[in-house]
Every structure is written in C-alpha cells, then in structure tokens.
Amino acid sequence: MVLPTRDEQLTITPLLHRLSELFRDQPVEILIVDDSDTPDCPRAAEQAADGLRIPVRMLHREPDPRRGGLATAVLEGFRLARGEWVLVMDADLQHPPEAAAGLAAAALGHDYDLLVGTRYTGGGSVGDGLDGPVRVMASRGATRLCRLLFPKRLATVTDPLSGLFAVRRAAVDLGRLKPTGFKVLLEILVRHPELRVAEASYRFEPRAAGGSKAGLGTVIDYLRHLTRLRLSRLSGQIRQGGKLSSSWVRMLGFAAVGATGIVANNLALWLFVHSLGAPSLLGAALATQVSTSWNLLLLEAVVYRGQGQGRLRGRTARFFVLNNVLMLGRLPVLWLFMHLGVGLLTANTVTLALLFLLRFLMSDRVIYGVGGEGGRTPVRLLVDLAATTATDGSASSKRSRHLPYRYDIAGVVRIGSQIMLPELEFFRAQWTGEEELDMSVRVASIGRRGPRRRAKLTERAETTAGAAAGSRVLDYEEHLGRFGSNFRITLGERVDIEVGPLLARSPHVVYTNIVEALLRFVMVSRDRMLLQLGLRGDRRTRRDALRPHRHREDRNCAAAAARARRALPVRRHDRHRRPGQRLLLPQAADHQRAHAAGGAGRRPDPA
C-alpha cells in the first residue's frame, strides 16, 4: 500500500491503526512517501508504526525530488514496492480504509490488472467529501473534460481522476509514465490501453483534519498534464496504422469523397457570395459547413461504413471541430491568394487541396481510429463495495416463482427452471423437490427500463432478507435496457439465475451462455466433469456410442458416472417438432419410463 503524505500528521495515526486491523491477516506492507515540510508527519507515522501488526516503511523526499507533486511520489512508491499488487490511497481519511480493504480483496479475487475506486457509479458517492457545490462542479467538470479528450481509452472508467486504485505491479511500465500534479491514475489509463480495468464503488468521506491542497496552481498543472497527454496521444495515433494496402484503399476513398466535397464547397461558396452577396471570407466559412456535412455523410456511408470508434454523434462533433479548426488556418491563405489576384473559386480549390493529407490522417487515425490498437472491453465492469441492494428489482411479486421443469444430472446437480432447457431434457426429473435444487432459472425484469450508453456487469454483495452469508450477485445489463439480454446470477448456497423476458425466449442461448458455464463450475466443485459429446450418424450409431461399455476404461469420467447419459444435440429433433409437442429425444425412452416407475413419493435411481 502506497500512502503519499504531506503534512498529514493529524490523520496518519488513526489511518495506520485502522489499516492494521483490516489487513492484519494479509501479506501487506505499507509504504509512506512523505513530502512534508516539517518533521511532524514522519514523527507521527514512526510512533504509530511501532505497535502495528503489519510492516511500515517510509521514504522522506527532499524538496528537489518533489517536483511533479503527488504523482511522482506515487511513482517512487511503485519503484520501492515489493508486492505483486500496489494499492494507492490518500492519507487524509477521505478514502475509507474499509473501502481500501474491499478494493484489495476485489483485486486479489478477480482477473483484472487495474481496479479503480469510483465515486460516480453503483453505490459510490462523493458524499460530503467535496467542500461545497463549487468543488463538486469542478470535480465533475474535470472528469468530463478528460473523458471527452480520451473517449476510447476512458470509455469504461467513470472516475479516471480517482486517488484510490489498485494495480498489478507487473502490468505497469514505469518508463511510459510522465505524470505531474495529482492525477497519476489518468496517466496510467491513457498510456496503458492494454490493461484489464474494472471499477469498485465507494463513498468519498469528509476530510478528517486539515484543508485541501488544491488551488489555482493545481488547475494549471492539470490542464498542462491533459494537453501533454492529448498531444502525445495525437502523435501516436498519426504514427499508427493498419496494413499498408488497407490504408491506401481508405486514402483513395477519402480522396474521392474529398473531390466531391470540393465541388460542393465551391458551389456553396458561389451561392453565398454571388447570389446572396456575402463577403468572401464569410462565404468560405459557411461553405465549409456545407462541404463538411456532405463529406461526413459519404465517409460514413461509403468509406468507413459506420465502423469508426465511438458513436456517430461523437464522430460528427469531432469531424466538424477538425474542419473548422483547419478552416481558421485556411482563411488567411485564401485571403492572401485573392490579394495576389487569384480568383475566389481557384484559390478556394487550392487551399482545400493543400490540406488533404492532414485532414485524412486526422480523420483516419484520430476520429475513426482505424488501424490503431483495440480498445478496452466494451462492457463496463463494476464491483459494488457499497453492498447496496439493486433498486431495479426482479419484480418477483408480479411473476410466478414456481419451477415447472426439474432436472437431475446423475444425482450430482439438480436444476429447476421456469423455461424448458432442451439440452437437459434427457435428465428430466419432475419428482425433485425445490429444497433439493442446486440451481434455479427464473424469468424476471432485470435492469433499468431505459437504454444505457454501455453494457454493464456489476458484482455486489447480496443484502436481501434471507440471503446466505457471503452471497454475491452478478448483474449484466445491455444497451437496450430491459429489451436486451439481461440476466442476474446469485452465487450463494444455491445458484439462482434470473433472465430477462426477451432472453427467456431463446432457451438454447440461456443454456449455452449462462447455465452451462455455471454447471461446469458446480460439477468441478463436486469432483465431477461435464463432457461435451458430439456424435454423427444415424440413430442406431449414436445409441451404440452411448452404451456404458464404451466408457469402462475411464471410471472417473462424469460420463461413466452417469452411465454415459448425456443429451444429444437437439436442433435436428427440434426442427421437425410440431408446435406444442413436447421435445423427447429417442435415446431418453428408458429414462422417461423411470418417471412412471417412480410413482407417488418414490424417487428412482437417476441413472
């Protein structure tokens, strides 16, 4: 844990004691990087560290190495850190130690490279941590500004300026980082697009003592940092490119569209100047808007075909900004040509053609992002440390909870479902009681009603009444809200699956994408294995392949334990099934006879 400090003598002692209690059973060390002007903070930290259960190291930096502020202090901590993970937090208690402990547990329990503490989603909140509405507006404005400048690399991060984060030390190349000021996380996110990033929500607490160190100089440093990052990213985008052949094809298409755009620009310019009597430079500015709209329509429809990065609205805004910035540089040259006696339309054509290569590079690499590296996962990943109960609910009071379809897989796993799962029909076992089930599948309304900008996967603790201790909930919501394939998984003593109404209309997708993955996990936890068996040929060949003697060589296989009983692919049978007819595989006849043999209250051998 890296704690950058500067005159935090009033909060460092309670912070260290609370961290020691929370991390007493964990392989953790605390590294304090101190930039204080007085010895009070280091002295308080040394006194508090004497009775702690976890080791504490300290680095006190002299004035010269402090250049760059808190960001360079964090990098010093990275260089001295010995753990596999590095967790960074402030020492003024605005980052609750409990949130740091939850962040560390989430980092160690998931396959991420970077876990960001966020105040702006899930159960997170700025609370009273920001002093007044001005600070709140400034914080949100700074966050929106950096997300606007880096729409792709910060697409799944709601709080890129957070000071609470955990990162896998081996995943960060310190040679790439050149931070300044307070925002080292922003530097990591922009310069390491390959990191697997998730967020963890927390509540930002009020400052326990002292005052904010942010001022006008902090704002200036932040803007300088953003400018340097944006220029560095811009140069990298221009240098990047895909295959040479595809780049030439796009450039030829761009040139063809640009040629038609020059014609449209000249026609509009002639109309504004000669027909409407507008001044030449004003007419050129208005004609630029016409040709920009024309070019954008053709580029989207013919050259890039809607495959650029981000949404159409964002690409449109960036394309208009680019062309208007270039126009501001073009108008003085246009005026100079006209002053030298060149005709208006000729001068306009020449100045537009001179900017072709620059316009193509900026559009191709920056606006459309073709040929660059892939972005982060399109799904926003959130670990909700606040342990809040979902407000959308699953509308259980409006829907039946009965599970009409029951399945018993060789006595190892028992499943109840509100929708028929064709892949499991071979294992139908209607005598199975609900209290015996290991998994359940129900239909529910998951997620909010309206659409969202990005798909979201949330993990949170289950806090509803009657939930087992340690139960976790996974919520997946798609862009279209409840019109998408949303689902919820509750992992506790029993695995409970809830799928949206639209997803429930495709039982095959429910099984292959949700149930089967969890079924594999449950069977492995019970020393069994789920094997896929793909057979071809006529019915007799498949029936012979399923006979028990074919699997005597491996008695440990789940197939042998279940006497080779496994559902065959159902597409062929399902295609010829009459509407309303119950699906019954030919190989399941003996198993279905067991239903009748079971009788009332008696349970036959699942085999």
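Which residues form a nonpolar patch on the surface?

1. In this predicted model, the nonpolar patch on the surface is formed by L145, L148, L216, V219, I220 and L223, which together have about 560 Å² of accessible area. Two helices, α5 (132-149) and α7 (216-239), each supply at least two residues of this patch, and α7 gives the most to it, with 4 residues.

2. One of the patch residues, I220, has its place in helix α7.

3. Helix α2, which spans residues 40-49, has as its buried residues C41, P42, A44, A45 and A48. Seen down the axis of α2, these buried residues fall within an arc of 165°, so they line one face of the helix. In general, an α-helix has 3.6 residues a turn, so residues three or four places apart point the same way. The cover over the buried residues of α2 includes the strands β1 (2-5), β2 (30-34) and β3 (56-60), together with the helix α1 (12-22).

4. Two backbone angles deserve a look. Most residues other than glycine have a negative phi. A410, although not a glycine, has a positive phi of about 55°; A410 is found in the loop between β9 (405-409) and β10 (413-417), and at 28% relative accessibility it counts as partly exposed.

5. D527, likewise a residue other than glycine, has a positive phi near 60°. D527 is found in the loop between α14 (507-525) and α15 (539-545), and at 66% relative accessibility D527 counts as exposed.

Definitions and conventions. Residues are numbered from 1 along each chain as its sequence is written. This is a predicted model: local features need pLDDT of at least 70, side-chain atom pairs count only at pLDDT 80 or more; totals for chains, interfaces and linings use all residues. Side-chain values use heavy atoms; hydrogens and water are left out. Buried means under 20% relative accessible area, exposed over 50%, partly exposed in between (1.4 Å probe, protein chains only). The arc is that of the directions from the helix axis to the C-beta atoms. Contact means heavy atoms within 4.5 Å. Patches are made of residues with over 30% relative accessible area and no salt bridge: like charges are joined within 9 Å, nonpolar side chains (Val, Leu, Ile, Met, Phe, Trp, Tyr) within 5 Å. Accessible areas come from the Shrake-Rupley method with a 1.4 Å probe; for residues, only the protein chains shown count as cover. A salt bridge is a side-chain nitrogen of Lys or Arg within 4 Å of a carboxyl oxygen of Asp or Glu.
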